Amino acid sequence: MKLAALIVLPLVCLAMHAPVDAEDQPVSEVTPEVVYLWPDGAPGAVGNEPLDQPRITVYLPPADKATGAAVVVCPGGGYQHLAVTYEGHDVARWLNTLGVAGMVLEYRLAPRYHHPAPLQDVQRALRTVRAQASEWHLKADRIGVLGFSAGGHLASTAATHFDAGDANSTDAVERQSSRPDFAILCYPVISFTSEAVHSGSRKNLLGENPDAELIKSLSNELQVTAETPPTFLVHSAADKPVPPENSILFFQALRKAGVPGELLIFEQGPHGFGLGKDDPALTQWPKVCAEWMAKRGLLTP
């Protein structure tokens, strides 16, 4: 059985990885499409303002570069706000250079919403992309999820809490599976039970005094099974708000379950480094991630 591979990197050259050539081509000039996940109102919505209307912004790659893969991107922000530019739209544009469609998810947030609203939103986003796969020239078995920080918690929740869809639903979207085919977790919040917990994200998602079983069910290192999709993780050992133990715990759970994965830990770097544009070392992680995707066949048209 193929097990996950661990890579621990200080500030060194990544000679062991040949970067995928994205050719630095410009992305499509077409204005991204905004798709509301529930046009008639989200379940449990408490109003009809923009913050009550979860949606995805759809960035499709140039047709001649498209691989058929797509990624639902979950920006971070502690379940209270969204870093939608550098952990959202910028990431979708990077994915486009690889020939991958980027779907930036704006999910519901505290204090207006708590669990299960964000999970409902990411699951609906994955179902929507599958339901629209033909229209967007995607492959329904190449739909992944990517998340940063608290968005990484949401992405890891999608990767560990999913269903095959409701075959009897009159809603074509709800008939689709919510299981991502792969996951990319960037300095993610994972554990709600260990000393590495990011208490702000837990409080914003679950409220002041959540039930112990609910805390455990959303401590996602405890929810990994053999059905969890292959996962790429990146973190900084110097991350204090969300310690790297979060990624390590998830990686260890992948190994125990026999799920392929890769863990990249940099010696230095702050929390929230996004695509790492301001640091010569951190800028390498998107290249390593692209190589991982290529090895999984996700970048082959």
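**Labels and their grounds**

Reply: Start with Ser169. Neighbours within four places in sequence aside, Ser169 is in contact with Glu174 and Arg175. Keep in mind that this is a predicted model.

Me: What makes Glu174 and Arg175 contacts of Ser169?

Reply: A contact needs heavy atoms within 4.5 Å. Glu174 and Arg175 meet that for Ser169.

Me: Why does Ser169 count as buried?

Reply: Buried means under 20% relative accessible area. Ser169 has 16% relative accessibility, so it counts as buried. Ser169 sits in the loop between helix H3 (150-160) and strand E7 (183-186).

Me: What makes the pairing of the Ser169 side chain with the backbone nitrogen of Asp171 a polar contact?

Reply: The cut-off is 3.5 Å between N or O atoms. A polar atom of the Ser169 side chain lies 3.0 Å from the Asp171 backbone nitrogen.

Me: Why is Ala237 called partly exposed?

Reply: The partly exposed class runs between buried, under 20%, and exposed, over 50%. Ala237 has 44% relative accessibility, so it counts as partly exposed. Its loop lies between strand E8 (231-236) and helix H6 (245-257). Beyond its neighbours within four places in sequence, Ala237 is in contact with residues including Ile265 and Phe266.

Me: How do you know whether Tyr79 is buried or exposed?

Reply: Tyr79 has a relative accessible area of 2%, so it is buried. Tyr79 is in the loop between strand E4 (70-74) and helix H1 (85-97).

Me: And why is His137 called exposed?

Reply: Exposed means over 50%. His137 has 67% relative accessibility, so it counts as exposed. His137 lies in the loop between H2 and strand E6 (143-148).

Me: What is omega for the cis bond from Ala110 to Pro111?

Reply: Omega is near 5 degrees there. A cis bond also joins His115 and Pro116, with omega about 15 degrees. Pro111 lies in the loop between strand E5 (101-106) and helix H2 (117-131). Most peptide bonds are trans.

Me: Last one. How do you know that the radius of gyration agrees with a compact globule?

Reply: With 301 residues, a compact globule would have a radius near 19 Å; the protein chain has 18 Å, so the two agree.

Note on methods: Residues are numbered from 1 along each chain as its sequence is written. This is a predicted model: local features need pLDDT of at least 70, side-chain atom pairs count only at pLDDT 80 or more; totals for chains, interfaces and linings use all residues. Side-chain values use heavy atoms; hydrogens and water are left out. The radius of gyration is taken over C-alpha atoms; the globule rule is 2.2 Å times the number of residues to the power 0.38. Helices (H or I, at least four residues) and strands (E, at least two) are DSSP runs, numbered from the N terminus. Buried means under 20% relative accessible area, exposed over 50%, partly exposed in between (1.4 Å probe, protein chains only). A polar contact is a pair of N or O atoms within 3.5 Å; within protein, one must be able to donate a hydrogen and the other to accept it, and residues adjacent in sequence count only if both atoms are side-chain atoms.
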